[in-house]
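I opened my notebook to record what I looked up here. The entries follow in the order I made them.

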Amino acid sequence: MPTVNASLTTIGFSAEGRDIKVIKISRGDGVSRPSVFIDGGIHAREWIAPATVLYFIGQMVYGDEFDLSPQLLDKFDWFFAPLLNPDGYEYSHATYRLWRKNRVEQGRNCYGTDLNRNFGYQWNPAVGGSTNVCSDVYSGSQAFSEKESQAVETFIMDNRQNMMAYLTYHSYGQMWLYPWGYTSSLPADWQELDSAAKVGTAALAQLYGTNYVVGSSTNVLYSAAGGSDDWAKGGAGVKYSYTIELRDTGAHGFVLPTNQIEPNCRESWRGLAEFALSLNTNKGGHRG
Ligand code: 0X9
Ligand code: ZN
């Protein structure tokens, strides 16, 4: 029986000093494999995202009902960061349920930068962001001005050589989005990203028939520069980069009912697993 190794590291600290953690899950055989990085909780109020990433960790370590985790571990090393914005998450529990940004002090009695407008590839507050510190989509004073986005930048740059895929979990909308978010143009290899995403959404739909839309962020949702997905692909060179908008499509929005948590996680796991197993590991990874 092959072993599973899980190791926990702190990749940085939030503005208020909380740990930002990554768990690496891999075979304990000393072999280095292509990797997948998955995060959640960039946006505080999207509570289903950290829950989903935690569920993935559990399935990967303890095994899953479809028995896909052995194949997933034979193929990839896995990095999970379930909560990239711990300060905002805490604030959304203690004070204001619909808080989105981090909690850095801005002056003018305003708080927070939208971490998903702060990443440094084609960073531009004029495209779906804002220069107003009080705005919910404040892009920050400059690219990577925030400790939370810096922690992700450093970690991915240090590990990008073998990184094939980056998936960032958000809610809501039921979408599997690929770059770009800063422009309506598409990456040269968009057809490969599109077909891999369709493998994921088709597998996801098999459980409960949940429908996901696949397409580029700008074309399916709206344009917004400074997203982590655009940076992972354009800045770090990670080929398969996606933002996944989990359940639902708006009936409950960010306040997803308790009885949807488990089915959401189950179907998302199935989608992730089949997506990852479909990737051609000869193609991805940063080159150069
Ligand atoms: O606006 C966002 O940051 C994301 N939607 S959300 O409702 N979770 O806030 C979408 C981001 C898509 N990717 C880029 N625009 N780069
Ligand atoms: Zn979000």
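**Entry 1: the shell around the ligand.** I began with the elements around ligand 1. Strand 7 (163-171), helix 7 (228-234) and strand 10 (240-246) each give at least two residues to the shell around ligand 1. I noted that this is a predicted model.

I then sorted the shell by residue class. Three of its residues are nonpolar, eight are polar and six are charged. Which residues come nearest to ligand 1? I found Arg 100, Asn 116, Tyr 222, Asp 229 and Glu 245, out of 17 residues around ligand 1.

**Entry 2: contacts and cover.** I looked up the nitrogen atoms of the ligand next. The side chain of Asp 229 has an N or O atom 2.8 Å from a nitrogen atom of ligand 1. For Ala 224, a backbone N or O atom is 3.0 Å from a nitrogen atom of ligand 1. For His 170, a polar side-chain atom is 3.2 Å from a nitrogen atom of ligand 1. On its own, ligand 1 has 420 Å² of accessible area, and the protein covers 96% of that. I also checked where it sits: ligand 1 is in the largest pocket.

**Entry 3: a serine in a helix.** I moved to Ser 92, which belongs to helix 3 (residues 86-94). Is Ser 92 buried or exposed? I wrote down buried, because its relative accessible area is 2% and the cut-off for buried is under 20%. The Ser 92 side chain makes a polar contact with the side chain of Trp 47, at 2.8 Å.

**Entry 4: cis peptide bonds.** I kept the general rule in mind: most peptide bonds are trans. The bond from Ser 171 to Tyr 172 is cis, with omega near 5°. Tyr 172 is in the loop between strand 7 and strand 8 (175-178). The bond from Arg 247 to Asp 248 is also cis, with omega near -5°. I placed Asp 248 in the loop between strand 10 and helix 8 (261-278).

Entry 5: Most residues other than glycine have a negative phi. I therefore noted the next two residues, given that general rule.

Arg 108 is not a glycine, yet its phi is positive, about 50°. I found Arg 108 in the loop between strand 5 (105-107) and strand 6 (110-111). Arg 108 counts as exposed because its relative accessible area is 64%.

Gln 122 is not a glycine either, and its phi is positive at about 55°. Gln 122 lies in the loop between strand 6 and helix 4 (147-159). With a relative accessible area of 43%, Gln 122 is partly exposed.

Conventions:
Residues numbered from 1 in each chain as written. Chains lettered and ligands numbered in written order. Predicted model: local features only at pLDDT ≥ 70, side-chain atom pairs only at ≥ 80, totals over all residues. Heavy atoms only, no water. Near = heavy atom within 4 Å. Polar contact = N/O pair within 3.5 Å; in protein donor to acceptor, adjacent residues only side chain to side chain. Areas by Shrake-Rupley, 256 points an atom, 1.4 Å probe, with all protein chains shown as cover. 1 Å grid on protein atoms, 1.4 Å probe; cavity = no way out; pocket = protein on both sides within 12 Å on 5 of 7 lines; lining within 4 Å. Sits in = over half its atoms within 2 Å of the grid points. Helix = DSSP H or I, 4+ residues; strand = E, 2+ residues; numbered from the N terminus. Nonpolar A, V, L, I, M, F, W, Y, C, P; charged D, E, K, R; others polar. Buried < 20%, exposed > 50% of the residue type's maximum accessible area, 1.4 Å probe, protein only.
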